[in-house]
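Thanks, everyone. I have one structure to walk you through today. Please bring it up on your screens.

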Amino acid sequence: AVPIEPIRLVAMMEKEESEEEESEVEEEVPEVVPEVVKEPWDISKSLFNARKGYSDSKDVYDTPKVVHRALTTDFERMLKEPRIGKLISKQDEDVKSGKQSLETELKEIQKALGPLYKTIVNAFEFYCLIANNFTRSAFEMGETSYTRFINDCKLMDDKLTSEACQQIFIAVNVETNKGSAEGKINEDKCLMRMEFIEVIIRFAITKYKEAAGNDISDAVSMLVEKNLKTNIPPIGQVDSDDFRRGRFYSEEVENIFKKYKKILDVLYEKYKNFKPVSGSALFSVPQWIQFLKDSLMLGDGDDGDFTAREAMLAFFNSRMVVCDEVKKRDRYISLQYVDFLEAISRVADTISVPTDQDMRAVGAINICDFKLKQKSSGGDSKNQASLMTRRPSSEFLVSSQRPLAEKLEKTICLIVGNIGLMNKGVLVYDKNQIRLVPQFITEGQLKEQL
């Protein structure tokens, strides 16, 4: 007979050992990965914040305070010419009769200009830029633009005649002190911003003095409200901050600039130093126009997708308000680095930028290749016409539905690619040599160009 007790004992011992082993195995606890909370994008930590360091507003926007300071500076500089004080003393009934001091009336005129001064500044700059003057004197209003302003604003009547307008232009252009800072930079037969205020006052006196009860400040208010605000074309009343708030200042746009920072830095410095005047390197209108020409962006029809008028609008609207157009002349007439980035962004938002689908449809390997195919389109005239048609959103004042960042990246690639094709595939400036193949153009495209 086989003893069963030892067998049972062994079985029990094995069972206990098995249970002990199982008890020693700990249950796996899933590892808790702490959730990474991304900090919200903060403009004060972005590259756009550099504007606070150089702008007169000490902000990334043109604040009401900086516009008021600009008016105060322009008004005070205008009063350096004694003729305006004499004019008010003679024309304002209360000042002439002694009921009110000249100083009080001048303050009232300045106050009347205050709420609409941004409109006046925008009007002045718009009529400067439409002359398509590609020199540093582009920031003053010549006779042709002056006449256009008068006609647009429906200023002439039986009181303010064409002859009267001409006489006002001549009178305001006289500088008593030719050796002053103002006299040295003021072009003959051109109006500076401070002189434009005097023009507005003289127009108001001639046109509305009687209707305003011989009160000059009231006449100024009537002129701005009835003629300027209602008749200046919408394109001339654009608030630059609208584009900044709605399109430009964003994390996505900043990321594009960071991605291409090295190249953009070199481009800015290269063109900033293009034809410096008296050793002064500035990214002013001549440099901006040359940059657009070199990148094949500027032209009409087949020569480019960006007109001279659009180029000037992009330049002027990308600048921050400068309070003193005389003492800070260099900054007034130039683009700082962030202004330059904004100007490129305005180009991107204006031109017709192809979508990825557009590029696939023509088999384009990059945007430079797309532009080439856009012009040729394999002999298919109907397809070519379709590709060459500008999108409705490319028109000024028409809102774009596509994200700016997408359009911006393609525009930067087009600009850099075109410059690369013109310069053997290399961007060279000072000690910098950046090879642009194959990121922006291919070896095949470069060989075809050469």
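Buried residues make up 51% of the 450 residues in this protein. Keep in mind that this is a predicted model. The protein has 24 helices and 2 strands. Now look at the contacts with a separation of 6 or more: 69% of them join residues 24 or more positions apart.

Let's go to helix H7. This helix covers residues 117-129. H7 has 13 residues, and from first C-alpha to last it reaches 18 Å. That is close to the 18 Å expected at 1.5 Å a residue. How many of the residues of H7 are buried? The count is 13 of the 13, so H7 is largely enclosed by the rest of the structure.

One partner to look at is helix H17, residues 308-317. Before the numbers, a word on how to read them. Two packed helices are described by the angle between their axes and the distance between the axes. For H7 and H17, the axes come within 10 Å. They cross at roughly 145 degrees. The crossing is right-handed. Which residues meet there? From H7, we have Glu125, Phe126, Cys128 and Leu129. From H17, we have Arg309, Met312, Leu313 and Phe316. This contact divides into 6 nonpolar residues, no polar ones and 2 charged ones.

Now a second pair. Helix H16 spans residues 285-294, and helix H19 spans residues 337-350. Their axes come within 13 Å and cross at roughly 45 degrees. H16 and H19 are therefore oblique to each other. Their crossing is right-handed. On the H16 side, find Trp288, Phe291 and Leu292. On the H19 side, they meet Phe340, Ala343, Ile344 and Val347. How do the residues of this contact of H16 with H19 divide? There are 7 nonpolar, no polar and no charged.

Last stop: a single residue. Valine 220 lies in helix H12, which runs over residues 216-231. Is valine 220 buried or exposed? Valine 220 is buried, because its relative accessible area is 0%, and the cut-off for buried is under 20%. What does valine 220 touch, leaving aside its neighbours within four places in sequence? The contacts are Ile109, Leu113, Ile201 and Ala204. Take alanine 204. In sequence, valine 220 and alanine 204 are 16 residues apart. In space, C-alpha to C-alpha, they are 5.1 Å apart.

That's the tour. Over to you for questions.

Conventions
Residues numbered from 1 in each chain as written. Predicted model: local features only at pLDDT ≥ 70, side-chain atom pairs only at ≥ 80, totals over all residues. Heavy atoms only, no water. Axes fitted to C-alpha atoms, helices over the stretch in contact; angles between N-to-C directions. Helix = DSSP H or I, 4+ residues; strand = E, 2+ residues; numbered from the N terminus. Parallel < 35°, antiparallel > 145°, perpendicular 65-115°, else oblique. Left-handed = near helix turned anticlockwise from the far one by under 90°. Contact = heavy atoms within 4.5 Å. Nonpolar A, V, L, I, M, F, W, Y, C, P; charged D, E, K, R; others polar. Buried < 20%, exposed > 50% of the residue type's maximum accessible area, 1.4 Å probe, protein only. Expected span 1.5 Å × (residues − 1).
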